[in-house]
Structure formats: C-alpha cells, structure tokens
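Let's get to know a structure together by asking how its descriptions are reached.

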Amino acid sequence: MRLSRRRRAGKPSSMHLSLSATDAEWDAVRARAEARGLSVARYLVGLAERDGEAEPGPAMALSAEEQRDLLEAMRALRAMAAEPVPPVAGKTPPPGPAPRQGRLL
C-alpha cells in the first residue's frame, strides 16, 4: 500500500491512498458505495470513521489475572482427577465392580 500527499490549490491538504482488491471485492465495494450515493473513496473513509467511533464492548466477566487463575485451577483439578486414588489403610474395597478411573473433564 502506498500513501502520498497531493497538493491542490485552494483545497485542504489530503492524502492519496492506493488499495488493491480482487475484481469481486471492488464490485462489492462499488455497489455499496453507489447504493448510498457516495464515491468509493467517501464510502471507505466513512466506514473507517464509523469503525473508529464504535463503543467498546461489554467488560469481561473476569479480569485477565482472574482468567489465568481459573485456568491454573482447572489444570490442577484435571491433574488430580487423572491420578489414581491411593487405598485407605485398614479398609477393604466394597464388593462389586472396580471404581472407574478416568478424566473428570
């Protein structure tokens, strides 16, 4: 992409921008610009201005630090669930099928 400044007498300073797109992309942009009665340049500048004015989305439920803490806690739980349970001294296992060992999550 190339940016350059063009000076025209009596007009405010502006920049010239060269964009590349496929024929299908240009057709779509051109059609949308024409539907709004704008030139392609004014249409694209309007999109950029509108995008820059967008309000930020809702705040996250957890901060980045809280997300990391939750992830570490989940990893610890998964590691504990994957470990075999040691037998309790002096107790015999109940009759029936052996308890299943596997992943909790």
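Here are some questions and answers about it.

This is a predicted model, in which local features need pLDDT of at least 70, side-chain atom pairs count only at pLDDT 80 or more, and totals for chains, interfaces and linings use all residues. Residues are numbered from 1 along each chain as its sequence is written, and side-chain values use heavy atoms, with hydrogens and water left out.

Q: What makes up the pattern of the chain?
A: Reading along the sequence gives β-β-α-α-α, with 3 helices and 2 strands. Helices (H or I, at least four residues) and strands (E, at least two) are DSSP runs, numbered from the N terminus.

Q: How do you know that the span of helix α1 agrees with its 13 residues?
A: The expected span is 1.5 Å times one less than the number of residues. For residues 23-35 that should be 18 Å, and the end C-alpha atoms of α1 are 18 Å apart, so the two agree.

Q: Why is α1 called roughly perpendicular to α2?
A: Their axes, lines fitted to C-alpha atoms over the stretch in contact, cross at roughly 90° and come within 9 Å. Angles of 65 to 115 degrees count as roughly perpendicular, which is why α1 has that label relative to α2.

Q: Which residues make the contact?
A: With contact meaning heavy atoms within 4.5 Å, α1 brings Trp26, Val29, Arg30, Arg32 and Ala33, while α2 brings Val40, Tyr43 and Leu44.

Notes. Axes are lines fitted to C-alpha atoms, for helices over the stretch in contact, and angles run from 0 to 180 degrees between N-to-C directions. Angles under 35 degrees count as roughly parallel, over 145 as roughly antiparallel, 65 to 115 as roughly perpendicular and the rest as oblique.
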